[in-house]
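Here is a short briefing to keep beside you while you look through the model.

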Amino acid sequence: MLEDRTPEASTAPWPAAYPQGYAVVDVETTGLARDDRIISAAVYRLDARGEVEDHWYTLVNPERDPGPVWLHGLTGDALEGAPLFPEIAEEFAARLAGRVLVAHNAVFDWQMIAREYARAGREAPVRQRLCTIALAKALALPLPNHKLESLAAHFGVVQRRAHHALDDARVLAEAFRPSLRAAAASALRLPLLECLPLTEWSDGPAARGGRQSGGRGGHGLSAGGHRPTAWNRSKKRPPCPFPNPGRYVPGERLKQGMRVAFSGDTSVERELLEDRATEAGLHVAGSISRLTSLLVTNDPDSGTSKTVKARQFGTPVVDEAAFGQLLGDVEPADG
C-alpha cells in the first residue's frame, strides 16, 4: 500500500483550475526515431484527485523488428499475434479522451502516440500533457536523478518490472497521486503543456523498407532480427551532415548541425536519447569543447567534467525534459 506523505492535501482547498481527470500513460517502442513504432501501451485512468479508476494494457504488432529487446523484453515472436495499432486505436482513444496525458518525459510518449494515430488516419484525443519530471522539479523533490525509479523510491512505490508498460504506468500513477496532492496543497500551477496532434503522416523510405507485404502477420524482420534502419545499441552513428551554426540561444529553437553533449542520468536510456538527437539532425558530441552548442543534464551542479567545462566555456545547459521539447521543433540547417 502506498504511503500518503501529503496528509495536509486532504483538507486543503482543491485548486479549481486543476484538470478533472488524468490518463497516466507508458508506451514501449521499437526506438526513438521518427519512423519507430509502439509495441505496448498501458493507461491508468485517474480522477481529479489522482485516485485510480481503472487500467488497461495491450501489446501492439509493429510490423517490424521490435528494437531493443534487451530493454523491453518483447521479441518478434511475442508480438506476432498482437493487434495492429489501428485495431486498438479506438479503445486507446477512449482511455485518453477528455483527460490530461501524464507520463514520465511526456513529450516522448505524446509524440509516439500522435504519430501512430496519424499513420492510422486518425487524431489522438489529447489536448494537454503533464510531464512528471517537470512536476517533480516544480515541487523541488529531493531526487538523486530524474529516473522513474528514483521518483518511485521517493514515494515508497515498489517497481516490479521496469520497462514493462503496465508496471511502469502503475508505478507512475502511484507516484503521481501524492505529487498531485502536494501540488494542490501549495496551490502550485501544474506544468501543463498543449498537445498539437498530427493530422497527416507519410512514412519515409526507412520506414517503408522495414515492412513486408503479405498481410497482418509480417514483421519485416531480417534473419538476424534487425531491420536495416532499426535502433541498434552498438551501431555507429553517421557523421552529422550539417555545419555547426554555433551555440544554442536560450528561448530560441535548436538548429540542425548544433553540437549537443549529454551528462549524467536520464529518464530515457542515453543511447536512445542520443539516437533521437541524431535523427533530428544534431551532432552528438562525446565531450565538451568551445564548439559545443548545448549540454543536456538533469543535474547541472553534479561536478562532472562535462558540467565543469560547460561552466568554464559558458556552454548553455538544459535538462532532459526541456531538451525533449526542443527536439519537437528543430530549425532546418541553412540551405
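pLDDT is the predictor's confidence in each residue, on a scale from 0 to 100. This is a predicted model, and its chain averages a pLDDT of 85, with 85% of the residues scoring at least 70.

**Where to read with care**

- Residues 1-9 have a pLDDT below 50, and this stretch has 18 contacts in the model beyond near neighbours in sequence.
- Residues 205-234 also stay under 50 in pLDDT, and here the model has 60 contacts beyond four places in sequence.
- Where pLDDT is low, the predicted coordinates should not be read in detail.

**The sheet**

- To find your way around, follow the order β3-β2-β1-β4-β5-β6: these 6 strands form an open sheet with mixed pairing.
- The edges are β3 (52-59) and β6 (192-194); each has a single partner strand, so one side of each is left without a neighbour in the sheet.
- From one strand to the next, the twist averages 25 degrees.

**Strand β5 and its two partners**

- On one side, β5 (residues 128-131) runs parallel to β4 (residues 100-103), and 3 bridges join the two.
- A pair to look up here is L101, whose bridge partner in β5 is R129.
- β5 is also joined to β6 by 3 bridges, but these two strands run antiparallel.
- For this pairing, look at L130, whose bridge partner in β6 is L192.

**Helices that go with the sheet**

- Helix α4 (residues 106-119) belongs with β4 and β5, and together they make a right-handed β-α-β unit.
- Helix α7 (residues 165-185) lies across β1 (21-29), β2 (38-47), β3, β4 and β5.
- Relative to β1, α7 runs at about 145 degrees.

**Helix α10, a helix with two sides**

- Which residues of helix α10 (residues 305-313) are buried? K306, T307 and A310 are.
- Why do these three sit on the same side of α10? They do so because they cover an arc of only 95 degrees around the axis.
- The other side of α10 has the exposed residues S305, R311 and Q312.
- Among the elements covering the buried residues of α10 are β7 (259-263), β9 (294-297) and β10 (317-318).
- After α10 comes G314, which has a positive phi, near 70 degrees.

Methods: Residues are numbered from 1 along each chain as its sequence is written. This is a predicted model: local features need pLDDT of at least 70, side-chain atom pairs count only at pLDDT 80 or more; totals for chains, interfaces and linings use all residues. Side-chain values use heavy atoms; hydrogens and water are left out. Contact means heavy atoms within 4.5 Å. Two strands pair if DSSP finds at least two bridges between them. Helices (H or I, at least four residues) and strands (E, at least two) are DSSP runs, numbered from the N terminus. Axes are lines fitted to C-alpha atoms, for helices over the stretch in contact, and angles run from 0 to 180 degrees between N-to-C directions. A crossover is right-handed if, with the strands pointing away from the viewer, the path from the first strand over the helix to the second runs clockwise. Buried means under 20% relative accessible area, exposed over 50%, partly exposed in between (1.4 Å probe, protein chains only). The arc is that of the directions from the helix axis to the C-beta atoms.
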